[in-house]
Amino acid sequence: MEYRDNNPLVSKLEVHHMTQQAVVPLTKEIVQVLCLSDVNQRPDLSTLRAYRLSPGVGICMRAGVWHATRADDATCLMLTRRSTTEDLIDHLVNDRPAKESTISEITPVHLDTDG
């Protein structure tokens, strides 16, 4: 998977309802943004955290964890359920409703990428 979004402003988060997802940067550092779900299964921004991951160091998110990835043209290994990947691609490419994932707009959060 190629990640090319290095925008420090995060305005959307994604969640997978049925599966875990692991992301391991292979070529460059990435920033993985995570937050938990609230009681209504929406992003709980009070739990929002960002983690710098060096090549070879990955993170695994359980189902229900909201996330976004920031990187400057990094290649990553992404592991998740095949049906979740196919469902998300179908949603993003063909504009069909996603069944296994949700992408949600949030109040924009600016990442401090300098430290």
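Let's start with D95. D95 sits in the loop between α1 and β9, and β9 covers 101-110. D95 is not a glycine, and yet its phi is positive, about 60°. Most residues other than glycine have a negative phi. D95 counts as exposed, at 66% relative accessibility.

One caution before I go on. This is a predicted model.

D73 is in the loop between β7 and β8, with β8 at 74-79. D73 counts as partly exposed, at 37% relative accessibility.

Now the pocket. How much space lies in the largest pocket? About 630 Å³. Its lining is made of 25 residues. Nearest the centre are Y3, E14, A68, T69 and L92.

Which elements build that lining? At least two residues each come from β1 (2-3), β2 (9-16), β7 (66-71) and α1 (82-94). β2 gives the largest share, with six residues.

E14 is one of the residues nearest the pocket centre, and the side chain of E14 makes a polar contact with the side chain of H16, at 3.0 Å. H16 is in strand β2. Buried or exposed, then, for H16? H16 counts as buried, at 3% relative accessibility.

Next, charges. Side chains of opposite charge can pair when their charged atoms come close. How many salt bridges does a search of the whole structure find? Six. I will walk through three of them, including two that link separate parts of the chain.

Number one on my list: D5 with R70. Their side chains meet in a salt bridge, 3.2 Å from N to O. D5 is in the loop between β1 and β2, and R70 is in strand β7, so this pair ties together parts that are 65 residues apart in sequence. The two ends sit in unlike surroundings. D5 is partly exposed, with a relative accessible area of 36%. R70 is buried, with a relative accessible area of 9%.

Next, E29 with R52. The closest N and O atoms of this salt bridge are 2.8 Å apart. E29 comes from the loop between β3 (21-25) and β4 (30-35), while R52 comes from strand β5, residues 49-53, so the pair ties together parts 23 residues apart in sequence. E29 counts as partly exposed, at 38% relative accessibility. R52 counts as partly exposed too, at 41%.

The loop that holds E29 also holds T27, between β3 and β4. T27 counts as partly exposed, at 46% relative accessibility. Along the chain, T27 and E2 are 25 residues apart, and their C-alpha atoms are separated by 10.0 Å.

R82 is exposed, with a relative accessible area of 65%. E86 counts as partly exposed, at 43% relative accessibility.

That brings me to another residue of helix α1, D87. D87 is buried, yet D87 has no salt bridge. Which side chain of opposite charge is nearest to D87? K99, and K99 is 4.6 Å away. What does lie by the D87 side chain is backbone. The backbone nitrogen of E100 is 2.8 Å from a polar atom of the side chain of D87.

To recap, briefly. The largest pocket has about 630 Å³ of space, and β2 supplies the largest share of its lining. The search finds six salt bridges, and one of them, D5 with R70, ties together parts 65 residues apart. D87 is buried without a salt bridge, and the backbone nitrogen of E100 lies 2.8 Å from a polar atom of its side chain. That's it from me.

Note on methods
Residues are numbered from 1 along each chain as its sequence is written. This is a predicted model: local features need pLDDT of at least 70, side-chain atom pairs count only at pLDDT 80 or more; totals for chains, interfaces and linings use all residues. Side-chain values use heavy atoms; hydrogens and water are left out. On a 1 Å grid over the protein atoms alone, a cavity is a set of points where a 1.4 Å probe fits but cannot get out, and a pocket is an open set with protein on both sides within 12 Å along at least five of seven lines; lining residues have an atom within 4 Å of a point. Grid points are joined across faces, edges and corners, and a volume is the space filled by probe spheres set on the points. Helices (H or I, at least four residues) and strands (E, at least two) are DSSP runs, numbered from the N terminus. Buried means under 20% relative accessible area, exposed over 50%, partly exposed in between (1.4 Å probe, protein chains only). Lys and Arg count as positive and Asp and Glu as negative; His and the chain ends are not counted. A salt bridge is a side-chain nitrogen of Lys or Arg within 4 Å of a carboxyl oxygen of Asp or Glu. A polar contact is a pair of N or O atoms within 3.5 Å; within protein, one must be able to donate a hydrogen and the other to accept it, and residues adjacent in sequence count only if both atoms are side-chain atoms.
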